[in-house]
Amino acid sequence: MPWDSIELNDGHLIPSIGFGTWKLGNGQAPTDQVEQALSVGFSHIDTAQFYRNESEVGVAIRESGLAREDVFITTKYSGTDGLDIPTSINNSLKNLGVGYVDLYLIHHPRLALPDIPTAWEQMEKLKANGLAKSIGVSNFGVADLEILLASAKIKPAANQILLHPYVFAKQQPVVEFGAKHGIVTEAYSSLIPITQLPGGPLDKPLYDIAGRLGVTPDQVILAWVKSKGAVVVTTSSKKSRLEGYLHAGDLALTPEDVSDLDEAGAKDADGA
């Protein structure tokens with residue numbers, strides 16, 4: 001299942017599909033779902049301070065029996081409880097029960113206080129101190145990245161953004177800016193066209209491609225994300241669906257498939 005790892009600009013490798021814990025809540029349910037994801041073959045778990053389930057993720061990873069180096073852990077600075085970046089990363093590490101995370105992101109540019117350059121300097125320090133192997137951002141636009149890069153000693157390794165065909169026209173500039181500067185794009189909520197916006201112009205090419213390839217529409221969308229060079233962050237409580245997501249790494253969309261999905265998505269670019 002070739003969801004091959006992608007090399008980040010600092011030389012570390014990131015698995016190109018990850019299991020996200022947004023909206024999973026806390027308690028036993030997220031622990032069980034993370035354990036299930038690890039058991040079917042996911043090796044990249046994405047959480048955040050704001051999700052309030054880092055502890056559950058940590059329990060699941062420990063109970064999986066996997067070695068620390070075999071699980072890529074992403075968490076995010078969300079400004080929760082008004083805590084600063086140095087305090088937050090240490091709390092996250094304690095919650096996760098690990099000595100470092102593989103990727104630490106600023107969850108949104110508005111959380112980069114008092115400003116983006118100052119916040120990023122704090123991120124660079126925690127990388128230098130070994131608390132995060134790689135550092136990056138989330139929901140940053142081109143202007144935000146330009147401000148960051150103007151003073152950065154270390155480039156962000158990744159920018160995690162909303163990405164699916166209905167928002168691709170809007171997000172294409174930041175995807176291309178990232179590619180130009182060696183910043184990997186991570187895609188969240190890519191299945192919104194199926195889960196929240198069915199019946200739109202994307203449906204026909206999406207279901208036609210799925211039918212031709214003998215796969216599900218959600219697998220086609222994940223293959224579309226992969227075609228953009230982005231890392232997928234997705235989730236499901238169903239084991240069979242997670243297995244399907246992993247198998248989507250085998251799909252080879254044609255350039256025509258990708259352009260058909262792009263064009264259909266652009267017809268409703270403001271629909272999400």
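**Entry 1: ground rules**

I am working with a predicted model, in which local features need pLDDT of at least 70 and side-chain atom pairs count only at pLDDT 80 or more, while totals for chains, interfaces and linings use all residues. Residues are numbered from 1 along each chain as its sequence is written, and side-chain values use heavy atoms, with hydrogens and water left out.

**Entry 2: the whole protein**

I count 11 helices and 10 strands in the protein. The radius of gyration is 18 Å, close to the 19 Å that the globule rule gives for 272 residues, so the protein is as compact as a globular protein of that length; the radius is taken over C-alpha atoms, and the rule is 2.2 Å times the number of residues to the power 0.38. Along the principal axes I read a C-alpha trace spanning about 50 × 45 × 30 Å.

Buried residues make up 53% of the 272 residues, where buried means under 20% relative accessible area, exposed means over 50%, and partly exposed is in between (1.4 Å probe, protein chains only). The protein exposes about 11600 Å², of which carbon and sulfur atoms supply 52%; accessible areas come from the Shrake-Rupley method with a 1.4 Å probe, and for residues only the protein chains shown count as cover. Among contacts (heavy atoms within 4.5 Å) between residues at least 6 apart in sequence, 75% join residues at least 24 apart.

**Entry 3: Asp-46 and Lys-76**

I went back to Asp-46, which is buried at a relative accessible area of 1%. Leaving out residues up to four places away in sequence, I find that Asp-46 touches Phe-19, Gly-20, Thr-21, Tyr-51, Thr-74, Lys-76, Gln-160 and Val-233.

How does the side chain of Asp-46 meet that of Lys-76? A polar contact of 2.4 Å joins the two side chains; the term covers a pair of N or O atoms within 3.5 Å, where within protein one must be able to donate a hydrogen and the other to accept it, and residues adjacent in sequence count only if both atoms are side-chain atoms. Lys-76 is found in strand 5 and counts as buried at 0% relative accessibility. The side chain of Lys-76 also reaches the backbone oxygen of Thr-47 at 2.7 Å, and the residues that Lys-76 touches include Tyr-104, Leu-105, His-107 and Gln-160.

**Entry 4: strand 3 and its neighbours**

I next checked strand 3 and found both faces covered, with Ile-17 and Phe-19 buried on one side and Gly-18 and Gly-20 buried on the other. Strand 3 runs parallel to strand 10, joined by 3 bridges, and Ile-17 stands opposite Val-232 in strand 10. Strand 3 also runs parallel to strand 4, joined by 2 bridges, and the bridge partner of Gly-20 in strand 4 is Asp-46. I take two strands as paired if DSSP finds at least two bridges between them.

**Entry 5: helix 10**

In helix 10 (residues 239–247) I note Leu-242, Gly-244, Tyr-245 and Leu-246 as buried. The cover over these buried residues includes strand 3 (17–20), helix 1 (28–40), helix 9 (217–227) and strand 10 (231–234).

**Entry 6: salt bridges**

How many salt bridges does the structure hold? I find 7, a salt bridge being a side-chain nitrogen of Lys or Arg within 4 Å of a carboxyl oxygen of Asp or Glu.

One of them joins Arg-52 to Asp-81, with the closest N and O atoms 3.5 Å apart. This pair links distant parts of the chain, since Arg-52 is in the loop between strand 4 and helix 2 and Asp-81 is in the loop between strand 5 and helix 3, 29 residues apart. Asp-81 is exposed, with a relative accessible area of 61%.

Another joins Arg-68 to Asp-102, with the closest N and O atoms 2.9 Å apart. Arg-68 lies in the loop between helix 2 and strand 5 and Asp-102 in strand 6, so the pair ties together parts that are 34 residues apart in sequence. I find Arg-68 buried at 18% and Asp-102 buried at 8% relative accessibility.

The side chains of Lys-204 and Asp-208 also meet in a salt bridge, at 2.7 Å from N to O. Both lie in helix 8 (residues 203–213), 4 residues apart, about one turn of the helix. Lys-204 is exposed at a relative accessible area of 59%, whereas Asp-208 is partly exposed at 42%.
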